[in-house]
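Please look over the two-chain model below before reading on. The briefing takes the chains, then their contact, then selected helix pairs and backbone angles.

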Amino acid sequence: MNLALSDEQVFLLEAARGALGRFNTIAAARDALDGGELPDLWPTAREAGWSGLLVSDEHGGAGLGPFEAMLVMVECGRRLAPVPLLGHLPATALLDRSGEHPKLLASLAEGERRAAFVPARPPDSLDDAWTVDPLRGGRRAPVPRFDAGKQEGGPHPVDGTVTGDVSWVPDLPGVDAVVIVAVGEEGPVVLLADVEGTDGLTIEAVERYDATRSLGHLKLDGAPVTRLTLDADDAAFAWYLDQALLAAEALGVVEEALRRSVEYAKERFAFGRPIGSYQSVKHDLVEILRRKENLLSLVYYAGWAGEAKPDELPMAASAARTVGDGALDFATRELISVHGGIGATWEHDAPLFFRRAQLSKRLLGGGADSAERVADQLLSAAAL
Amino acid sequence: MDLNDTPEQAEYRARVRDWLEQHADEAPKITRDDITPEVIDARRKWQGKLAEAGFVGITWPREYGGQGLGPLEQVVFTQELSRAKLPGILDVIGIGMLGPTIIAHGSEEQKQRYLGPMLHGDEVWCQLFSEPAAGSDLAGIQSRAKLQDDGTWRVSGQKVWTTNAQFASFGLMMVRTDADVPKHKGLTMFVVPMDADGVTVRPLRQISGEAHFNEVFFDDVALDEAAPVGPVGNGWGVGLTTLMYERVAIGLGGDGFGWRADRFATALAADEGASADPETRRRLGEVAADLLSLRFTGYRQLSLLQRGQVPGPEGALGKITTIRAAIEAADLLVDALGPDALADHEWGGMVSELPGLKSAGGTEEILRNMVGERVLGLPPEPRLDKGIPFSELRAKEKEVAAG
């Protein structure tokens, strides 16, 4: 029994903190909302080896696991740092599993090129289809359709075409390659496509509410694609990996919101006392801590499951995301409240964390969907 | 990070599993709520068998009948017990909290006299701390002990929320021995024989109509000179040890109440309407995620204990999450199953017991104060009782109340 970070993991965490600490990402987040440029953190990610974090040694990566990826995400969350790992890491993990395109994979691991995973929600007992987040509204959208059919002559072997729209894909703008989950005649397939020069593949960059979160809509209209020799379990793994990464990122945001809230509650006085001495304020701050502790435990669980118990990753990641979204919402609202009116002004940092929370909890199925996944697994097991 | 057993732990687990399989039919068939004398007797005997086999006081030192093993072996044993669906020991409070307190602060004579029979369930113990006017503010204890000329003591007062008092042989009692010093300083811990003249135990019925706790009255009870545990006047320090063990027990005890997500899911899965309702499913998922987090919070604390560190006060947050999740779960089950479920022993009983349990082991409010001050470093509220002799406190309170 050892549910604690190893020396190497502590080192990775501290290195990430140090690397991101060289940028004023918080001020940049505000400027970007007014049309300013965000710092390009990809060179930092490359230098730190994050681009190849989930790529095995033999394919030119660091050969680390989901837990290390999550630790980096914690630090990115803490500083609202726009590092496009939510898209890149699952895409490279899937390519690494397939092992089919070593050249591309090596350049992705090195960071020379960048990829995005186009996620799809695996079926459960309430919805037996693979689906993607809808452009708007409450009804989930169908995954893109794959039509098999070999074509010769291009730079890559083409196994067929893919058609369909996927909205709100993390880190999609600016990528060189996409890894797409689609459904063909025999069921789910995992596909690879270059972005440049691929007919029928267009990316629309979108910015909503949180300028530090890069998003894109993907339109596929008979785009030629290469099929990877991966199955439904691999596609599901990448979905849950993203859930775990989002939960880890939430942990970083919550920790920072708590730190800032507590610091202010100690130095702001009202009626001759620091406001943190009042029970009403104190209890709310402890509530952030309570949710953070629960989230931390589940982030550890998901990290451990990711490296040692893959069959538990769906439960662990879904539970972490569920608690993570709740904690994110509570902590970022409390960060504003404890600061009073000033916390709700443009000049203050609190709204930037709030914006992150409000967008995050609506991505990749949303926190309500992850709770559904937890229940689905329990109810399915109970019905046996 | 590794949650798998080491070879030694796997060997220990196999030994426990093997023993439990061989002796499963000797265990009493009971539910947690069953407290008839016959059941108590059967559970006492079961504890004796477990003790003979070396499965009680696993973390206690060997010289006092324990096994001298670590918290992890204790957890392995608890896991195997739960896996085999067998009842645990009767005297959880004695073995988990009061015994360790005596080991830490008691005299050698006390250790030799009390620990053995406690371990085997021959003498069950109860914890006599809370009083009607001393709960969150525990140091406000009014029970008093007077030193007699011959060195013996006379104790009077009232305790409340006392689990197991109706069949306990001894109680560990926090009593005021000096009212002329500030309240934390004038307390002493005593061992009290529950069959002594002047001790009256009265069951306390709760919302469910059942009585799981007692109130205990002490009317001029005579105690001998060897009754204090630790120095006279250091009862608060001794009590903190007990509360530290309570915190560890709560942190590691997760499934102890049977509030497990799989159990809730099984009840819901049996009802087609409930198990297909998206809102019911979402609520179940949220409760289950919280309960699951507690298990891994427990593992994090275990990792600390294994490295010789004591988990911090944030462990108390686990109790808040446990109670909240249980309240949500009971509410969900009754929503899904309808009014009949309120009359059901299982779910109705859970609905009834939780409002009281919310205050057990410290109210949510006092735990939040403690964690806010000790973990987050937030300043305490101003208080009026600092540095004031206990005997003058009442007058001061009256003054404040009068405005």
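What follows is a short briefing on this model, grouped by topic.

This is a predicted model: local features need pLDDT of at least 70, side-chain atom pairs count only at pLDDT 80 or more, and totals for chains, interfaces and linings use all residues. Residues are numbered from 1 along each chain as its sequence is written, while chains are lettered from A and ligands numbered from 1 in the order in which they are written.

**Chain A**

- Chain A holds eleven helices and eleven strands. Helices (H or I, at least four residues) and strands (E, at least two) are DSSP runs, numbered from the N terminus.
- A compact globule of 384 residues would have a radius of gyration near 21 Å, and chain A agrees at 21 Å. The radius is taken over C-alpha atoms, and the globule rule is 2.2 Å times the number of residues to the power 0.38.
- Along the principal axes, the C-alpha atoms of chain A fill a box of roughly 80 × 50 × 45 Å.
- Of the 384 residues in chain A, 57% are buried. A residue is buried if 20 or more other C-beta atoms lie within 10 Å of its own, exposed if 12 or fewer, and partly exposed in between, with C-beta atoms placed from the backbone.
- Among contacts in chain A between residues at least 6 apart in sequence, 72% link residues at least 24 apart. Two residues are in contact if their C-beta atoms, placed from the backbone, lie within 7 Å.

**Chain B**

- Chain B has 14 helices and eight strands.
- Its radius of gyration is 22 Å, close to the 22 Å from the globule rule for 403 residues, so chain B is as compact as a globular protein of that length.
- The C-alpha box of chain B is roughly 70 × 55 × 45 Å along the principal axes.
- Buried residues account for 42% of the 403 residues in chain B.
- Of the contacts in chain B with a separation of 6 or more, 70% come from residues 24 or more positions apart.

**Contact between the chains**

- Chain A puts 41 residues into the contact and chain B puts in 43 residues.
- On the chain A side, α7 (232-267), α8 (279-308), α9 (313-339) and α11 (366-383) each supply at least two residues.
- α8(A) gives the most to that side, with 15 residues.
- By class, the chain A side has 26 nonpolar, nine polar and six charged residues. Ala, Val, Leu, Ile, Met, Phe, Trp, Tyr, Cys and Pro count as nonpolar, Asp, Glu, Lys and Arg as charged, and the others, Gly among them, as polar.

**α8(A) against α10(B)**

- The axes of α8(A) and helix α10 (residues 316-337) of chain B come within 10 Å and cross at roughly 90°. Axes are lines fitted to C-alpha atoms, for helices over the stretch in contact, and angles run from 0 to 180 degrees between N-to-C directions.
- α8(A) and α10(B) are therefore roughly perpendicular. Angles under 35 degrees count as roughly parallel, over 145 as roughly antiparallel, 65 to 115 as roughly perpendicular and the rest as oblique.
- A:Leu289, A:Arg290, A:Glu293 and A:Asn294 of α8(A) meet B:Leu317, B:Ile320 and B:Thr321 of α10(B).
- This contact has three nonpolar, two polar and two charged residues.

**α7(B) against α9(B)**

- Helix α7 (residues 261-269) and helix α9 (residues 278-306) of chain B have axes that come within 9 Å and cross at roughly 165°.
- That makes α7(B) roughly antiparallel to α9(B).
- From α7(B), B:Ala261, B:Phe264, B:Ala265 and B:Leu268 meet residues of α9(B) including B:Leu284, B:Val287 and B:Leu291.
- The contact divides into nine nonpolar, one polar and no charged residues.

**Positive phi in chain A**

- A:Leu80 has a phi near 50°, a positive value in a residue other than glycine. A:Leu80 sits in the loop between α4 and α5 (85-98) of chain A.
- A:Leu80 is buried, with 25 other C-beta atoms within 10 Å.
- A:Trp168 also is not a glycine, yet its phi is positive, at about 60°. A:Trp168 lies in strand β5 (residues 158-170) of chain A.
- A:Trp168 is buried, with 22 other C-beta atoms within 10 Å.
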